[in-house]
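I opened this entry to keep track of what I looked up in one model. The notes go from the whole chain to single residues.

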Amino acid sequence: MSRLKLVLAGLVLAATSVASAEPVDFALEDLEGDEVRLSDFRGRWVLVNYWATWCPPCLEELPELESFYNRHKDRNAVVLGVNMEDIGLDSLRGFVEEQFLSYPVLRGTAVMSGVLGPVSGLPTSYLVSPGGEVVAQQMGPVTEEAITTFIANYEARNEKGEAQR
């Protein structure tokens, strides 16, 4: 339970320092070679998760990300996994299948680390609002509950702010 509080606190604290007023965008190829743009998901929350197959904390959070994706993909949010390692396409596909990942996995590059913000360690996640703005960042594993709670709190704060105008 204390770890969850720490992760929630990290997301909340990060929200104040990474909030971007400008919509962000990038384009990467998925495992089928199709281009996927962050802006393809405008109107929905997007958790962009930078990870690698050799990273134990990344592996630890995969089931949480998969669960979050499956609960929200048809409603209001998606997960984009950005693999940040030099790995063969067949090996990466095999890993994704072995882990039963159904959310989009994209092939990242070292240049990617500056698009949403710094990626100084793995895993690193950025939460992008439905309007395309980066609203939170977390270095280290995230949980489904932490993501869901952050989104609910963010939406409640924004609804209050709009009601007061």
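The entries below follow the order in which I looked things up.

**Ground rules.** I am working with a predicted model, in which local features need pLDDT of at least 70 and side-chain atom pairs count only at pLDDT 80 or more, while totals for chains, interfaces and linings use all residues. I number residues from 1 along each chain as its sequence is written, and side-chain values use heavy atoms, with hydrogens and water left out.

**Whole chain.** I listed four helices and seven strands; these are DSSP runs, H or I of at least four residues for helices and E of at least two for strands, numbered from the N terminus. Their order from the N terminus is α-β-β-β-α-β-α-β-β-β-α. Of the 165 residues, 46% are buried (buried is under 20% relative accessible area, exposed over 50%, partly exposed in between, with a 1.4 Å probe and protein chains only).

**Strand S3.** I looked up residues 45-51 next. Seven of the seven residues of S3 are buried, so the strand is largely enclosed by the rest of the structure. In a regular strand the side chains alternate between the two faces of the sheet. Here Trp45, Leu47, Asn49 and Trp51 point one way, and Val46, Val48 and Tyr50 point the other way.

I then checked its partners, where two strands pair if DSSP finds at least two bridges between them. S3 and S4 (residues 77-83) are parallel, with seven bridges, and Val48 stands opposite Leu80. The chain goes from S3 through H2 to S4 in a right-handed β-α-β crossover (with the strands pointing away from the viewer, the path from the first strand over the helix to the second runs clockwise). S3 and S6 (residues 124-128) are antiparallel, with five bridges; Asn49 has Ser125 as its bridge partner there.

**Core.** I took a nonpolar core as a set of buried Ala, Val, Leu, Ile, Met, Phe, Trp, Tyr and Cys residues joined through side-chain atoms within 4.5 Å. The largest one has 46 residues, and Leu38, Val48 and Leu116 have the most contacts inside it. S3 gives the most to this core, with six residues.

**Helix H2.** H2 covers residues 56-72, which is 17 residues, and reaches 25 Å from first C-alpha to last, close to the expected 24 Å (1.5 Å times one less than the number of residues). I found a kink of about 35 degrees at Leu62, shortly before Pro63; the bend is the angle between axes fitted to the seven residues ending there and the seven starting there. The buried residues of H2 include Leu62, Leu65, Phe68 and Tyr69.

**Disulfide.** With a cut-off of cysteine sulfur atoms within 2.5 Å, I count one disulfide. Cys55 is joined to Cys58, S to S 2.4 Å. The torsion about this S-S bond is about 75 degrees, so the disulfide is right-handed. Cys55 is buried at 2% relative accessibility, and Cys58 is buried at 0%.

**Backbone details.** Which peptide bond did I note as cis? The bond from Leu122 to Pro123 is cis, with omega near -5 degrees; Pro123 sits in the loop between S5 and S6. I also noted Phe100, a residue other than glycine with a positive phi, near 55 degrees. Phe100 lies in the loop between H3 and S5 and is exposed, with a relative accessible area of 70%.
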